[in-house]
Amino acid sequence: MSERFQAIDRYIGEHVSEWMAELTALCAVPSVSARHEGIDECAALVAELIRRRGFDARVEPSDGHPVVLAHAGGARSDRTMLLYNHYDVQPPEPLELWDSPPFAAEVRDGRIYARGSKDDKGELVARLAALDALWAVDGRLPCRLTWLVEGEEEVGSPSLPEFVRRHQDELGAGAAIWEEGGIDSEGRPLVALGARGLLYVELHVRALTRDGHSGGANLLPNAAWRLVWALATLKDRDERVLVPGFYDAVRPISERQRTLLEALPSQEEAYRESFGLDRLLRDRTGFDVSAAPFEPTCNIAGLTSGYQGPGSKTIVPAVASAKVDFRLVPDQDPFDIAGKLRRHLDAGGFSDVEIEILGPERPGLTDPDAGVVRLCVETAEEVYGRRALVTPLMGGTTPMYLFTERGVPVVAPGVGFGSSNLAHSPNENMRLADFENAARHLARLLARFADE
């Protein structure tokens, strides 16, 4: 290891408590995008934290929540790295399952617990730490940096496409570091090169002007049954989506992607252990588990109708709704799928089922042979001492397509540790050791990117 990186590692190890103080302040702002809480306050705080690192940072309006857009110069003015994060978080409920208040960060047993401690405020502060270390050791940043921090990622980034279009002249870059990453449960670094797309809809049914007495259940139409019958037409028991044309645009797995997938250890056992399962759906094992992100999905995320309080209430529900998400793969388009869903419901006699689109995002893919991918792998192996696992497509969704479609390769190192961070769940947390290693990795990646 060079003296430069030894000095960077020492600096990071000696200043973790300072960054945890910044993370604690950031997590104290309950920036729940689904409820529009704490948004302006959090955007202002993020901009201030970034300005402390020598950036020209400003809070820009969008069609939704404000976006922090920042720029900084570096030793290589001809090399620009774009950083993407989000400052919004998921709702903390159910509150009774938290061991400590969700917006009062608490460090215990080598982890910091709070909503956003991992996703995505912990990731953001790890990048601040990497930049601080580079400033301390080199006296400057290695290259030009552009930082984009949005406030709607947890609700599907609805305003980001238009914001990127309006500010495209400021968002050019040779590569991008995306919001989050990390290591698997055995300590192997993960390098994800793509993300699924998403169509998130809410289906609404109104069958009556008001709830009825269930003594009239054989006379009055029931919104709950109406919705259940409509939902039952979307997918069969073999997990096959039944919407006509749903699979038409699915791109087959390429030989290069297959090679990468075959090199991955199966996460079958980790899934079973984490969720208390004897087997996975369709008895998937081995390669089929690794390749699962290349298969699009139809998932019921929530159902609401009728009386759900304690005891009984004999009614015929007037209204019912369901939240449904479709995870999409290259080259599916969310608006195309929405149109096919509408036609499917109409053809099945469910024209009364309303569709509200809540979150459309296209899939994004990075070329596994891009230079920044090689750098991310090499620097990860230097930090973690383990062979990096390159995943061509991850199961989740993030708006990286806004840049991959413009030819910007995207990588995502970060602070994650298997499924132990409990992102989106009570007791979300981040290990301090993973924070340190992520900062070390990010510092090396930026330095090496500038040296190319």
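This is a predicted model: local features need pLDDT of at least 70, side-chain atom pairs count only at pLDDT 80 or more; totals for chains, interfaces and linings use all residues.

Colleague: Let's start with charges. How many salt bridges are there in the whole structure?

Modeller: A search of the whole structure turns up 42 salt bridges.

Colleague: Give me an example. Which residue does R362 meet in a salt bridge?

Modeller: That would be E405, with 2.8 Å from N to O. R362 sits in the loop between β15 (354–361) and β16 (364–365), and E405 in the loop between α12 (401–404) and β19 (410–411), so the pair ties together parts that are 43 residues apart in sequence.

Colleague: OK, now the inside. Is E153 buried or exposed?

Modeller: E153 is buried, yet it has no salt bridge. The nearest side chain of opposite charge is R327, and that is 7.7 Å away.

Colleague: Then which residue does R327 pair with?

Modeller: R327 has a salt bridge with D325, at 4.0 Å from N to O. D325 counts as buried at 9% relative accessibility, while R327 is partly exposed, at 25%.

Colleague: Back to E153. Where is it, and what does it touch?

Modeller: You'll find E153 in the loop between β6 (143–150) and α5 (160–166). Leaving aside neighbours within four places in sequence, E153 is in contact with Y84, H86, D88, E179, T397, T398 and P399.

Colleague: And S100, why does that count as buried?

Modeller: S100 counts as buried because its relative accessibility is 6%, and the cut-off for buried is under 20%. S100 lies in the loop between β3 (76–86) and β4 (106–108). The side chains of S100 and R108 are joined by a polar contact of 3.2 Å. Not counting residues up to four places away in sequence, S100 touches E106, R108, Y113 and N427.

Colleague: Switching to the backbone. Where are there cis peptide bonds?

Modeller: One runs from E93 to P94, with omega near 0°, and P94 is in the loop between β3 and β4. A cis bond also joins P330 and D331, with omega of about 5°. D331 is in the loop between β14 (319–328) and α10 (334–347).

Colleague: Why point those out?

Modeller: Because most peptide bonds are trans. Most residues other than glycine also have a negative phi, which brings me to the next pair. R282 has a positive phi of about 60°, and phi of D283 is near 55°. R282 lies in the loop between α8 (268–275) and α9 (287–290), and D283 is in the loop between α8 and α9 as well.

Colleague: Last thing, the surface. Which residues make the nonpolar patch?

Modeller: W225, V228 and W229 make that patch, which covers about 350 Å². W225 lies in helix α6 (residues 223–231).

How values were computed:
Residues are numbered from 1 along each chain as its sequence is written. Side-chain values use heavy atoms; hydrogens and water are left out. Patches are made of residues with over 30% relative accessible area and no salt bridge: like charges are joined within 9 Å, nonpolar side chains (Val, Leu, Ile, Met, Phe, Trp, Tyr) within 5 Å. Accessible areas come from the Shrake-Rupley method with a 1.4 Å probe; for residues, only the protein chains shown count as cover. Helices (H or I, at least four residues) and strands (E, at least two) are DSSP runs, numbered from the N terminus. Buried means under 20% relative accessible area, exposed over 50%, partly exposed in between (1.4 Å probe, protein chains only). Lys and Arg count as positive and Asp and Glu as negative; His and the chain ends are not counted. Contact means heavy atoms within 4.5 Å. A polar contact is a pair of N or O atoms within 3.5 Å; within protein, one must be able to donate a hydrogen and the other to accept it, and residues adjacent in sequence count only if both atoms are side-chain atoms.
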